[in-house]
Amino acid sequence: MPSSSSAPLLVRYRLALGEGESGESRALRLACEQTSELPPDLVPASARPFLGRVESVESVERVAGEPRSAVATIALPAEAAGEDLSQLLVLLFGNASLQPGVRVESVAWPAELLLRFAGPAFGIAGLRELAGARERRALLCGAAKPLGLSSADLAERVGALARGGADLIKDDHGISDPPCSPFAERVARCQEAVTRANQATGGSALYVPTLSGPAATLPQRIERLRQIGCRAALVAPLGLGLETVREIAGSSGLALLAHPALAGAFFAPDHGIAPEILLGDLFRLAGCDGVIYPHEGGRFPFPAARSVALAEHLRGPLGHLRPAFPVPAGGIAAERLPELLAAMGPDTIFLIGSALYSQPDLEQAAALVAAVLREDLR
């Protein structure tokens with residue numbers, strides 16, 4: 001590795017093996033590909049400290065019908081990423097993503113590397129404070145939807161959700177700057193609706209608009225949100241880029257909810273990056289205060305155990321970084337909330353959309369769900 005004082009990343013990869021290929025040879029090939037992109041004997045002596053190193057290889061018991069595989073722990077030089085989250089993602093999975101049968105299972109993050117990143121600016125405690133939910137209870141997030149409505153219609157729905165007791169109301173991630181509800185007009189109307197609702201109820205609901213667009217427009221859009229009183233925004237880190245999100249988290253003063261758009265491409269069982277690493281660690285390193293992800297039983301296949309494991313990653317220790325809220329979503333049925341609350345715990349934001357819109361009265365539907373999430377306080 002680059003120096004004796006610079007600890008490497010220890011990355012655990014699951015590797016599919018070709019016919020006659022050993023786990024050791026496959027791991028060495030990957031270690032070289034992710035760093036030097038040369039066979040070891042072609043790497044100059046001066047560059048060898050930056051060459052990936054195979055620490056261990058374990059064979060995996062073969063299941064009938066599946067290819068042979070192995071699990072390898074590879075040490076990668078943290079200095080190769082510097083202070084660049086996008087480059088860190090490349091170091092973990094850049095060229096490996098182009099080869100079949102490579103999956104990042106876990107990462108042991110060096111303390112020195114974690115110190116390069118500020119992480120969530122608010123975290124769980126700070127986001128609770130912004131939403132006026134200081135007591136330890138689960139939070140309700142509603143959604144302004146669907147794409148195609150006017151700004152006025154979306155604002156009406158946002159106001160109803162806020163009056164009903166939603167702690168946060170986010171834009172659908174697909175609503176950015178469409179002609180039917182352009183960004184500047186929409187965010188002003190929706191924030192005004194939430195402000196009126198808060199004044200009427202004594203609440204502190206947060207409107208969370210989608211923050212996207214060409215890079216050159218982001219500073220103006222952030223300033224627009226601050227001018228109208230927004231305290232939070234929705235970002236898609238894989239669309240905007242991890243470093244862009246990190247810059248927004250560090251300079252905007254906005255709490256950030258992360259949307260997992262595009263992440264599913266990484267979640268094949270034999271290829272990609274484990275959700276706990278991509279959504280649970282990398283999104284948190286980028287400064288996201290809450291991370292949305294699908295829960296089992298909804299529109300997207302996602303095992304319950306994986307959802308709980310991801311929540312534990314977001315809330316668990318990661319160097320000096322603040323914990324982030326897990327935000328299970330993707331078609332949560334309101335009647336399942338007691339069961340999900342028991343599994344996920346109070347430091348959770350439940351994002352519920354269709355289940356509320358399926359009821360005749362949106363405000364009343366939100367109020368009934370909010371009451372379920374407050375039952376533990378009575």
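Me: How many helices and strands make up the secondary structure of the chain?

Reply: The secondary structure of this chain, which is shown here as a predicted model, comes to 14 helices and 14 strands.

Me: What makes the radius of gyration of the chain agree with that of a compact globule?

Reply: A compact globule of 378 residues would have a radius of gyration near 21 Å, and the chain has 22 Å, so the two values agree. Along its principal axes, the C-alpha trace spans about 70 × 45 × 40 Å.

Me: Why is Ile 74 called buried?

Reply: The cut-off for a buried residue is under 20% relative accessible area, and Ile 74 has 0% relative accessibility, so Ile 74 counts as buried. Ile 74 has its place in strand β3, which runs over residues 69-76. Not counting residues up to four places away in sequence, Ile 74 touches several residues, among them Leu 9, Tyr 13, Ala 27, Leu 30 and Glu 55. Ser 252, by contrast, is 178 residues from Ile 74 in sequence and 37 Å from it in space, C-alpha to C-alpha.

Me: How do you know that Ser 151 is buried, and what does Ser 151 touch?

Reply: Ser 151 has a relative accessible area of 1%, and because the limit is under 20%, Ser 151 is buried. Ser 151 is found in helix α5, residues 151-163, and, leaving out residues up to four places away in sequence, it touches Cys 180, Ser 181, Pro 182, Glu 185, Arg 186 and Arg 189.

Me: What makes Ala 255 a buried residue, and which residues does Ala 255 touch?

Reply: With 2% relative accessibility set against a limit of under 20%, Ala 255 counts as buried, and therefore the word applies to this residue of strand β9. Beyond four places in sequence, the residues that Ala 255 touches include Phe 122, Leu 127, Leu 130, Arg 231 and Asp 289. Ala 255 and Gly 290 are 35 residues apart in sequence, and their C-alpha atoms are 8.5 Å apart in space.

Me: Which residues have the most contacts inside the largest nonpolar core?

Reply: The largest nonpolar core has 98 residues, and those with the most contacts inside it are Leu 9, Tyr 13, Leu 88, Trp 109, Leu 282, Leu 285 and Phe 350. A second, separate core has 21 residues, including Cys 141, Val 208, Val 327 and Ile 349. In soluble globular proteins, nonpolar side chains tend to be buried together.

Me: Why is Glu 37 called exposed, and where is Glu 37 found?

Reply: A residue is called exposed when its relative accessible area is over 50%, and Glu 37 has 52%, so Glu 37 is exposed. Glu 37 is found in the loop between α1 (23-33) and β2 (53-60), and it has a positive phi of about 60 degrees although it is not a glycine.

Me: How do you know that Leu 262 is exposed, and what is its phi?

Reply: Leu 262 has a relative accessible area of 57%, and because the limit for exposed is over 50%, Leu 262 is exposed. Leu 262 is found in the loop between β9 and β10 (267-268), and its phi is near 80 degrees, a positive value in a residue other than glycine. Most residues other than glycine have a negative phi, and most peptide bonds are trans.

Me: Which form, cis or trans, does the peptide bond from Lys 145 to Pro 146 have?

Reply: The peptide bond from Lys 145 to Pro 146 is cis, with omega near 5 degrees. Pro 146 lies in the loop between β5 (139-144) and α5.

Key. Residues numbered from 1 in each chain as written. Heavy atoms only, no water. Helix = DSSP H or I, 4+ residues; strand = E, 2+ residues; numbered from the N terminus. Rg over C-alpha atoms; globule rule 2.2 N^0.38 Å. Core = buried A, V, L, I, M, F, W, Y, C linked by side-chain atoms within 4.5 Å. Buried < 20%, exposed > 50% of the residue type's maximum accessible area, 1.4 Å probe, protein only. Contact = heavy atoms within 4.5 Å.
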